[in-house]
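Reader: I have a chain on my screen and some labels that I would like to understand. Could you take me through the terms one at a time?

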Amino acid sequence: MFIQDLKNDFYRHLVGKRILIVVNYDIDAICASKILQALFQYDHMLYTVVPIMGVTGLRRAYGEHQGDVKYVLLVNCGGCVDIVELLQPAEDVTFFICDAHRPLDVCNIYSDRQVCILGDATLEENIPAFETIFHDSDGEDDDEDEDQSGDEGEAHNDSGAGDSDGEEEESAHRAPRRRKLTRLERHEQRILRQRARRQWESERDRIMFEYTQFSYYGRSTALMIFELAWKLSKDNMDLLWWAIVGISEQLLLGKIESGAYTLELEHIQSHVSRLTNKTNDQNTMSASKISFENDLHLVLYRHWPVTDSMRYSRYASCQLKLWTLRGEKRLHELLLEMGLPLVHARQTYSAMDLVLRKEFYSMVERLAEKYDIPDIVYGTFTLSYGYRSRYAAADYVYALLAIMESVKKHKTPEDCFMEASDALNRKDKQLLGAGIDNAKLMHAAIFRQVQSSLEARQVHSAGSFFYYVLQEEHAFFSYPYALGLLAKFMLRGHVATSRARAAPDLPLIATCPLDATQGMCLLVGIAPVREDSPKNFFGKAFEQAAQKSKTTLLQDFFEPSVVQLRQSDLTRFLDALTVLLT
């Protein structure tokens, strides 16, 4: 069931209770959990935060803590699976789900009180009506029992036909009864009911397929939780900034359309204005300042040279083909026409001449159309505090991604989660700086991999999709987010250099070895370049291909287009997928 009044039906319901917060391993979820923790600490509430990476982690987290809590809050996880079926909880346990993944599981939607989804049902797409997907089998069972009792009664009447005629005379004087159906008529009715049931099941399967065939994302969870803080009059600049980072991750990773992001900007700007006035009234000069401005889709350009940022940014790099000699020449032409000397462009941005820094945005914007990079401009927010600290929301997103992907033998995913969470604090500036440095390494590695793979023509066509196979484990690409970023860069780069007219309409599947000892690989599906919609059909396609090829697929992530399978099954799986998508 949906809960729209978060203040009364969710938050006030939890005050004074012990809560288990299960948080998915993504930036929007981390930001939402930070806001929730700030609210719970304000009201001195007891809570436990457990980060997870998939369904297995969710099951383990609940199993370890189920004896301690009666209220479980699932952040960006659990919405797309039948929670009651998965976890088998006691009847007095209540789950609150705040999940941006879509589509939501219908059993969660139609649950009565035990599963509560935070959000507005009217904003959801194509939720099937209850009667089209759930069937009342009790009525059928009663009919079947009546049929059986009728058969038994008829047999009993046949055996007692030679009894006294007096009973027949007595029954003739009674009030007229409903004529009993013959055995043949009952059989015909049973067949009609079974046929109607099969038709209903067929229609239900069609409706459910249409509802679940695409995976996509709803509204940012961090933004939703921030609005709860606002309604509770407990919001501040830090909480708002965390919400901005959450929705910025959705935009930069292609989880939502730019149109949906733009619609939210107006709401966020009103909160920025309100909190800025409130801060000014309190005359706290040391407080942070959030500003809205038009910025450039250039990765971390304030933290390294302009030439590096342009080369390692997917959009600019692919539009200008910067991995080729011709592309490099075109970049130099752009810098020359901008009036930005090469010696300055190769310096770290902060070391550039102050006048050039102030004019850099307008320089790029003026020539964007001419150099075929019109979408390089977008609206975003920047955070300023102290004398020198100024960060764009995108800087935080890329830094946190790099921290989350920095899992090592001595550093567990839980450690990375806590580090990413701490990096959101203004006082932990060193963590953010280290994250930005790691992000630079990651984006440089992505560009080098794209350059070498495109030159070696390692992106292959299967007719209905492209596929790209990494042969060895990689420090970055053996993790879902980095592999996804690589796959998107690879697909756009391949389309930019391909002469095939169908190339922009074909998706890409990228795979990288995950664990050499177990022979597993990570596989991610990326939607075609020409498709503006962030909806992804690979979750269902992977599931069906695994059934056809009889391969074991581990769909443990809450993102259905990211799966694991054995490397020995990869060829068979891709063959089945080719047949399925043709």
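Author: Gladly; what follows is a short exchange about the labels and the values behind them.

Author: This is a predicted model, in which local features need pLDDT of at least 70 and side-chain atom pairs count only at pLDDT 80 or more, while totals for chains, interfaces and linings use all residues. Residues are numbered from 1 along each chain as its sequence is written, and side-chain values use heavy atoms, with hydrogens and water left out.

Reader: What does Thr94 touch?

Author: Contact means heavy atoms within 4.5 Å. Leaving aside residues up to four places away in sequence, Thr94 touches Lys70, Tyr71, Val72, Arg113, Gln114 and Cys116. Val115 is 21 residues from Thr94 along the chain, with 6.1 Å between their C-alpha atoms.

Reader: What makes a stretch a strand, and where does Thr94 sit?

Author: Helices (H or I, at least four residues) and strands (E, at least two) are DSSP runs, numbered from the N terminus. Thr94 belongs to strand S5, residues 94-98. Over the chain, the tally is 23 helices and 17 strands.

Reader: How do you know that S2 and S3 pair?

Author: Two strands pair if DSSP finds at least two bridges between them. S2 (residues 18-24) and S3 (residues 46-52) have seven bridges and run in the parallel sense, so by the rule of at least two bridges they count as a pair. Val22 stands opposite Val50 in S3.

Reader: Why is the crossover from S2 to S3 called right-handed?

Author: The term applies if, with the strands pointing away from the viewer, the path from the first strand over the helix to the second runs clockwise. Here the chain goes from S2 through helix H2 (residues 27-42) to S3, and this β-α-β crossover is right-handed.

Reader: Which strand does S2 join through five bridges?

Author: That is S4 (residues 71-75), which runs parallel to S2; Ile21 has Leu73 as its bridge partner there.

Reader: How many residues of S2 are buried?

Author: Six of the seven, so S2 is mostly covered.

Methods. Buried means under 20% relative accessible area, exposed over 50%, partly exposed in between (1.4 Å probe, protein chains only).
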